There are 2 protein chains.
Amino acid sequence: MTHAALLAELAACIGDAHVLTGAAAEPYLTDWRQAFTGRALAVLRPANSSEVAQVVRLCAAAGVAIVPQGGNTGQVAAATPDTSASAVVLSLLRMNRVRAVDLDNDTITVEAGCVLQTVQEAATNAGRLFPLSLGAQGSCTIGGNLSTNAGGTQVLRYGNARELALGLEVVTPQGEIWHGLRGLRKDNTGYDLRDLYIGSEGTLGIITAAVLKLFPLPRAQCTALVAVSGLAQAVQLLQRARAGFGAGLTAFEVMSLACMSDVTRAFPQQRLPFADLPEDAWCALLEVSDHSDGPHAATRLEAVLAGALESGVALDAVVAVSGAQSAAFWHLRESITLALARAKACVKHDISLPVSLIPEFVRATDQALATAFPGVALRVFGHLGDGNLHYNLLPPTGASNADIQRLVHDRVHEAGGSISAEQGIGQCRVEDLQRYKSALELDLMRRIKLALDPQGLMNPGKVLPASGSLRVP
Amino acid sequence: MTHAALLAELAACIGDAHVLTGAAAEPYLTDWRQAFTGRALAVLRPANSSEVAQVVRLCAAAGVAIVPQGGNTGQVAAATPDTSASAVVLSLLRMNRVRAVDLDNDTITVEAGCVLQTVQEAATNAGRLFPLSLGAQGSCTIGGNLSTNAGGTQVLRYGNARELALGLEVVTPQGEIWHGLRGLRKDNTGYDLRDLYIGSEGTLGIITAAVLKLFPLPRAQCTALVAVSGLAQAVQLLQRARAGFGAGLTAFEVMSLACMSDVTRAFPQQRLPFADLPEDAWCALLEVSDHSDGPHAATRLEAVLAGALESGVALDAVVAVSGAQSAAFWHLRESITLALARAKACVKHDISLPVSLIPEFVRATDQALATAFPGVALRVFGHLGDGNLHYNLLPPTGASNADIQRLVHDRVHEAGGSISAEQGIGQCRVEDLQRYKSALELDLMRRIKLALDPQGLMNPGKVLPASGSLRVP
């Protein structure tokens with residue numbers, strides 16, 4: 001089939017207006033970070049799962065590859081096609097319905113193109129919490145969140161996107177619809193297909209809908225900003241907080257004082273509520289959620305912090321006395337990325353490690369970087385409760401970003417950590433994956449890819465190298 | 001290779017004393033429920049992962065199938081070989097070391113043959129909680145728990161075995177060791193092999209070790225027994241409890257009054273703390289875990305129960321005033337299975353449904369059973385918080401168990417439920433799976449099985465039919 005004939009069939013299937021080419025297609029062809037621009041035969045915007053299935057069957061018959069795309073907010077260009085113009089981009093944005101809310105089952109059923117914030121709001125309107133929360137929530141879609149197993153700030157308590165999904169609807173590479181939209185908390189009938197699709201970045205099939213868990217809304221939340229002298233003390237504070245609050249500890253973030261200083265310099269209206277901290281101090285942001293009431297939450301938080309201050313684990317601590325102050329603490333944390341954007345250059349790493357290894361990892365890696373790249377400046381922050389650091393740095397002039405990343409990732413790998421804690425592989429980290437994963441694990445992944453997508457048409461070149469090198473040796 | 005030659009090589013690998021045949025092998029060849037007795041070439045007891053890998057390589061070279069076995073406490077005979085005497089049973093019982101406890105990371109690394117209770121105790125000794133808890137915990141192994149994705153009484157708060165595992169070590173069907181023992185809470189580097197192995201009942205590989213999550217020990221627990229007039233009221237009570245306690249609600253069990261009466265009749269020293277309940281009443285058992293203190297837990301529990309009583313959701317309620325009374329409430333729940341064992345016959349179903357559908361499902365299915373099998377007596381209890389019912393019944397004389405199960409499972413399937421919520425498929429439910437799973441889902445499972453175990457030697461005939469019918473059509 002010629003490409004023109006295929007496009008005509010696609011237009012007959014989903015409507016002319018939803019087969020975009022030329023200028024109309026362009027916004028879909030560049031990734032959010034504007035690091036990659038691809039080309040495509042067309043951008044397709046099907047309206048429902050049945051149309052997605054038909055589109056996939058037409059493309060499969062024509063041997064045309066498909067790049068699924070949600071809100072196009074990913075960090076690793078997983079939703080951006082290559083430059084061959086041989087693939088179509090399949091946008092899920094028109095599939096944005098909340099299909100159902102089941103209060104007694106505490107579930108919500110949504111289509112893949114639902115914006116995360118829409119899901120959060122639908123939950124809140126129903127008197128429930130959908131806890132997935134991240135910077136891009138106003139534009140990222142739940143399908144993309146599931147495809148990349150998104151993380152965010154509430155993982156400590158509620159888990160990654162994976163832990164929040166009970167069931168999926170998926171269009172297979174053969175254009176069949178897997179009706180796995182089960183609202184069940186227990187189901188031991190066969191292999192866990194759900195978790196195989198989650199996090200596979202559209203390379204095994206296209207997630208078109210999901211049943212998600214809802215939670216009761218906490219009655220009260222209480223936030224504190226705590227200064228500690230180092231990461232070892234931050235880990236001790238984390239342990240105290242876990243023991244003191246259990247699942248009531250819903251966030252535990254850390255930021256180096258260097259990050260905080262960047263924020264207050266860039267945004268002078270923001271202030272750190274501590275006087276005179278040592279230069280190598282860290283700040284921890286704790287959020288406690290409580291199902292009793294506000295005073296109970298505050299009393300508990302104050303008790304844990306008092307213990308931490310008395311024992312010397314904490315240098316100073318401020319409990320937010322209002323929602324506005326709590327928002328201001330969170331705003332400090334959320335402004336780091338914007339403040340860092342003002343730097344000439346910033347080399348970023350999204351790493352995770354066992355929490356117990358983090359203080360020594362950071363100490364030794366800071367030192368190794370300072371030796372290898374004199375003048376480097378560290379800007380580290382992250383979700384300490386999840387062992388996930390945004391290990392960022394401002395490189396000295398002339399340093400090679402690739403060399404810096406190699407040094408950091410080699411050390412992460414040696415420590416048993418992950419070089420992509422929450423952002424995925426996409427096309428940015430395919431080579432890294434080949435370097436750091438064992439030959440056995442890569443082989444297992446290839447076997448699964450070949451078994452489910454033998455034509456290699458689902459998001460080729462993402463996660464694993466494109467299909468030419470896919471054959472099992 | 002002859003079988004004798006293989007056995008000699010196996011003995012050279014793991015030691016003569018650990019290649020069991022004849023009478024020594026017998027205890028491994030009958031399932032826990034004594035419903036299935038198989039035969040085996042030998043029972044092998046390797047000491048470590050490296051020996052497991054060698055054993056698998058020897059068997060793979062000889063084309064001999066392997067049936068992995070943990071504590072042999074499963075409900076579906078997944079660890080029992082067929083009667084052909086052509087396979088070996090590979091027992092993990094000698095691999096019973098706790099390899100490491102990492103307090104700052106809140107993880108424990110254990111070998112597959114560790115008895116669940118040993119893992120619980122190692123956690124408690126370290127000042128942490130490992131929450132997986134089920135009847136067989138004194139003899140089941142963590143490897144078996146993970147292979148069947150075990151549930152139990154704490155799933156409501158902590159999830160199934162799947163949610164408790166961070167990393168795995170697995171010996172593949174080719175006898176290689178996948179070193180996936182990662183203690184990471186976030187890791188988005190490729191396909192989720194971990195969750196593919198979990199719940200696959202040894203058909204894709206042999207889990208030899210795991211990194212498990214630990215939790216802070218709650219400061220206090222408080223238990224209540226509540227009488228409600230029906231399952232709809234039990235669901236309302238569940239919602240009140242979820243809203244009131246959040247993650248503090250660590251168990252929510254229901255038992256029909258018929259079950260409770262069987263218990264108090266069979267064990268007269270046990271008493272239900274309610275006078276004169278209507279015959280169709282139900283009891284709910286609530287457990288609240290608290291990180292503040294005992295009085296706070298009791299006050300919260302009493303407040304929620306007072307609301308339930310005032311609004312008519314609850315008929316009566318008793319909060320345990322001591323650990324002994326709390327244990328007595330749990331003992332009522334845990335004695336149901338023993339009490340039912342005294343019946344002439346009992347047809348059991350391990351089903352799950354969306355919680356919202358349970359009251360109507362039970363009402364309509366009770367009625368359908370009464371019509372189809374006059375004289376049937378229902379004995380239903382289960383984990384309402386997880387939507388998981390042990391929908392059991394005492395059949396009238398002459399009724400066909402298969403017909404009864406068909407009626408119940410057909411209705412579960414129609415309601416979007418699961419015919420095996422926590423027990424798995426094993427060999428008992430292979431035919432059911434073929435009946436109720438879609439052709440597409442079975443095909444996806446077959447593709448994965450073939451991709452990872454092309455020889456079909458890993459626990460053949462479990463989950464999916466034996467390899468003859470495995471080829472993708």
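Predicted model: local features only at pLDDT ≥ 70, side-chain atom pairs only at ≥ 80, totals over all residues.
Me: What makes the pair A:Glu422 and B:Lys186 a salt bridge?
Reply: The cut-off is 4 Å between a side-chain nitrogen of Lys or Arg and a carboxyl oxygen of Asp or Glu. For A:Glu422 and B:Lys186 the N to O distance is 2.8 Å, so the pair meets the rule. Side chains of opposite charge can pair when their charged atoms come close.

Me: How many salt bridges are there between chain B and chain A?
Reply: The count between the two chains is 10. Over all chains the structure holds 42.

Me: Why is A:Glu111 with A:Arg97 called a salt bridge, and what does the pair tie together?
Reply: The closest N and O atoms of A:Glu111 and A:Arg97 are 3.0 Å apart, and the limit is 4 Å, so the name applies. A:Glu111 lies in strand E6 (residues 107-111) of chain A, while A:Arg97 lies in the loop between strand E4 (87-91) and strand E5 (98-102), so the pair ties together parts that are 14 residues apart in sequence.

Me: How do you know that chain B and chain A touch, and which residues take part?
Reply: Contact needs heavy atoms within 4.5 Å. Chain B brings 88 residues to the contact and chain A brings 88 residues. About 6,900 Å² is buried between the chains, 53% of it on carbon and sulfur atoms. B:Lys186, B:Asn188 and B:Tyr191 supply 15% of the area that chain B buries against chain A, more than any other three residues.

Me: What polar contacts join the chains, and which element of chain B gives the largest share of its side?
Reply: Between chain B and chain A, 61 residue pairs are in polar contact, both residues being at pLDDT 80 or more. Elements of chain B that each supply at least two residues of the touching side include helix H8 (231-245), helix H10 (294-310) and helix H16 (439-452). H16(B) gives the largest share, nine residues. By class, the side of chain B that touches chain A has 33 nonpolar, 32 polar and 23 charged residues.

Me: Which residues line the second largest cavity?
Reply: The lining has 28 residues, and A:Ala247, A:Gly248, B:Phe245, B:Ala247 and B:Gly248 lie nearest the centre. The lining divides into nine nonpolar, 13 polar and six charged residues.

Definitions and conventions: Residues numbered from 1 in each chain as written. Chains lettered and ligands numbered in written order. Heavy atoms only, no water. Buried area = accessible area lost by both parts, 1.4 Å probe. Polar contact = N/O pair within 3.5 Å; in protein donor to acceptor, adjacent residues only side chain to side chain. Helix = DSSP H or I, 4+ residues; strand = E, 2+ residues; numbered from the N terminus. Nonpolar A, V, L, I, M, F, W, Y, C, P; charged D, E, K, R; others polar. 1 Å grid on protein atoms, 1.4 Å probe; cavity = no way out; pocket = protein on both sides within 12 Å on 5 of 7 lines; lining within 4 Å.
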